[in-house]
Amino acid sequence: MTSHGSAPRDAKFQYRWVADELRKEINSESRQPGERLPTQEELATRFGVSRATVNQALSLLRKEELIVTRQGSGSFVASEAGDTRQVPRPAAHPEGDVWAVVSERVPPVLLKPYLVEAFEANVVRLDVFSMTTESLAARVVDQKDRIVAGEISPPRSVTARLLLPNAESTSLAIPRQVTGEDDPRVRARLGGILHSHVTMLRSALYELRRLKLVEEVDVQVRLVPFSPQMKLYILNNRVVLQGFYIPEEGTATLPDGEDVATYDAYGTGATLYPFRASADSTPEQAGVVRAARKFFDATWDNLATKAPF
């Protein structure tokens, strides 16, 4: 998602903004499974919107099975979300079309527990293809804090390769005005957002080197002239997490205060689908990891250019 800041002025899209803010809190585990959400009145006050808008946002989250509402008790974070955070057991060998069956058995998960696992290795490697690295940057800061606090042993090295859309490219599919017109202001806004999150991530990792906790730190950023259609995390070369960017209509508030109707990918904390290559993984799971690594390396080597920041 590339929409941030205060509520959109267009009431038509305010409920999506409220839903996305709550979705981020749920998927980042700021709100735990089973936790009761604030009342509609409290949420309306917090977000500066009407109770009807809050009700629309909660309805959207119910459809996504992120919350449940109990008559007379309020809305709660769905407990099922917690169950999906466990690393999945390898699927048994199916009959027939293995790829279709395997994908049906892959449950959605969250980034955080996989990143926790990745940073407990001696050599940490992150290959990421995303719109802004917003989710990753926040989670990497969490891992930096764990290392600084002595909660885990520092890895010997951390390497991150970040693939991002080039905000100067006029061919980006999203974010784009709903009229189809290329608006440099919309792209510049995207550029500012991704630069901000890359700076956050880079600062966190290099702080570990400055504190002499991690001997080797390397963060490289390259840009591609198109928008990713899915976010891709490859962690330590053996775990792949994929999540789809679903283009939806919304509004982007530009620096001059103008609201522009855009198509963008909403849902920063969108669920991810995991694949793992390990000794007890199925050949299908390991095959997805190999294919993802090949895709990332080819895109990095052949289509991407070094970012100017």
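I take buried to mean under 20% relative accessible area, exposed over 50%, and partly exposed in between, with a 1.4 Å probe and protein chains only. By that cut-off, buried residues make up 49% of the 309 residues in the protein chain.

I note that this is a predicted model, in which local features need pLDDT of at least 70 and side-chain atom pairs count only at pLDDT 80 or more, while totals for chains, interfaces and linings use all residues. Residues are numbered from 1 along each chain as its sequence is written, and side-chain values use heavy atoms, leaving out hydrogens and water.

Next I looked up the secondary structure, and I found 9 helices and 12 strands in the protein chain (DSSP runs numbered from the N terminus, H or I of at least four residues for helices, E of at least two for strands).

I then traced an open sheet of 7 strands with mixed pairing, ordered S11-S8-S7-S3-S4-S6-S12 (two strands pair if DSSP finds at least two bridges between them). Strand S11 (273-276) and strand S12 (305-306) stand at the edges with a single partner strand each, so one side of each has no neighbour in the sheet.

Within the sheet I followed S4 (residues 157-165) and S6 (residues 216-224), which run parallel and are joined by 9 bridges; alanine 160 has valine 219 in S6 as its bridge partner.

Last, I checked isoleucine 246, which lies in the loop between strand S8 (239-244) and strand S9 (247-253), and which counts as exposed because its relative accessibility is 52%.
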